[in-house]
Amino acid sequence: MIRNLRARMTALLLALAALWSLAGCAKTVGSYRVLKTFGEESFRIGYRLDDQVANYIDAALRALAADGTVRKLAVEWMGTDETLIEADTEALKNLGTIPKRTLIVGVNDSSFPLSYADGRHFDGFDIALARAVCEKLGWNVRFQAVAPSDVYIQLTSGNVDCVWGGMTLEDVNLTESGKEKPLKEQLALSAAYLKSEIVLVSRADSRISSAFRLRGQSVMLDSGEQYIAALQSDSGLVRRCGAIERVNGGAQQCFTALQSGECAAIVTDSVALAYYNK
C-alpha cells in the first residue's frame with residue numbers, strides 16, 4: 001500500500017511539474033504573450049552556384065552595415081537591430097569596377113515584415129535593404145514574387161538573379177528523380193543575415209496564459225512549411241488544440257485574427273512579433 005501511495009504521489013508530482021513547466025514558459029512581450037518557443041530559423045540569400053553577383057551583394061551589405069544603413073532599416077521595420085551582417089568600410093573598394101546591371105530579386109511576398117506585396121508594390125525590411133544594396137552598387141532592381149518551393153527552378157532558369165526576402169532556404173528540399181535533396185546543396189547560400197525564433201503567441205490580455213490553456217482553442221498559422229513543422233513537433237499541443245487553420249496571408253493575417261479574437265493563438269516568428277510591438 002505504501003509503495004502504491006508513493007507511486008501515486010510521484011505521478012502527481014510529475015504531472016504538477018509538467019503543468020508548472022507549461023505555465024512557466026510563457027512571457028509577456030508588449031501586447032502579446034509568448035506561450036512557447038519552438039526553435040530558431042535563419043534568413044539567407046540564395047544564388048546560383050559560382051555566380052559572382054553574390055560577392056557584390058555581400059560587399060554592399062558590409063558597407064551598409066558600416067555606414068549605419070542596416071541598423072537604421074532594422075529599427076524602422078522591427079524596432080530593434082538583430083541583424084548579423086559584419087561591417088566593413090573597405091568592402092566596396094576591393095571589388096574594383098562594378099558593372100552596371102538590373103538585379104532581379106525573387107522574394108517571398110507573404111513574409112511580413114521582411115517582404116510582402118501590397119497590391120503590385122513590394123515592401124518590407126528585405127525589400128528596403130535590397131534597394132539600398134543596389135543603390136550602393138549603382139544597379140537597378142526589380143522584384144518578383146517566388147514561392148520557396150520554386151526557388152531552384154526560378155534561379156537556375158535565370159528568371160531571377162537571387163532569392164532574398166523572408167527566405168530561410170536551408171530547410172527547403174528539392175525533389176529530383178523522386179529523391180529529395182537539401183536546397184542548400186544545389187545553390188549558393190549566404191551566411192545568415194538575420195535570425196528569428198518560431199513562437200506560439202497569444203494576446204497578453206487574454207486568459208490564454210500558457211500553452212496548456214489552449215485545450216479546445218483555435219490556433220492559426222502561416223502556410224509556410226517551417227511553421228507547420230514547428231507546430232507538428234509538439235504532438236501534445238496539437239492534440240490539445242481545437243481548430244488549427246493554415247492561412248496564406250502570413251503574419252499580417254495571423255495578427256489581425258489574433259487581435260479580433262478569431263483565434264486564441266498564432267504560430268509566427270519573433271521578427272513579426274517585434275514589428276507588432278514597436
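Biologist: Which residues of helix 8 (residues 250-260) are buried?

Modeller: Gly250, Ala251, Cys254, Phe255, Ala257 and Leu258 are the buried ones. Buried means under 20% relative accessible area, exposed over 50% and partly exposed in between, with a 1.4 Å probe and protein chains only. This is a predicted model, where local features need pLDDT of at least 70, side-chain atom pairs count only at pLDDT 80 or more, and totals for chains, interfaces and linings use all residues. Residues are numbered from 1 along each chain as its sequence is written, and side-chain values use heavy atoms, without hydrogens and water.

Biologist: Happy with that! Why is Ser196 called buried?

Modeller: Ser196 has 2% relative accessibility, so Ser196 counts as buried. Ser196 sits in strand 13 (residues 194-203). Helices (H or I, at least four residues) and strands (E, at least two) are DSSP runs, numbered from the N terminus.

Biologist: What makes Ser270 a polar contact of Ser196?

Modeller: Their side chains are 2.9 Å apart, and the limit for a pair of N or O atoms is 3.5 Å, with one able to donate a hydrogen and the other to accept it; residues adjacent in sequence count only if both atoms are side-chain atoms.
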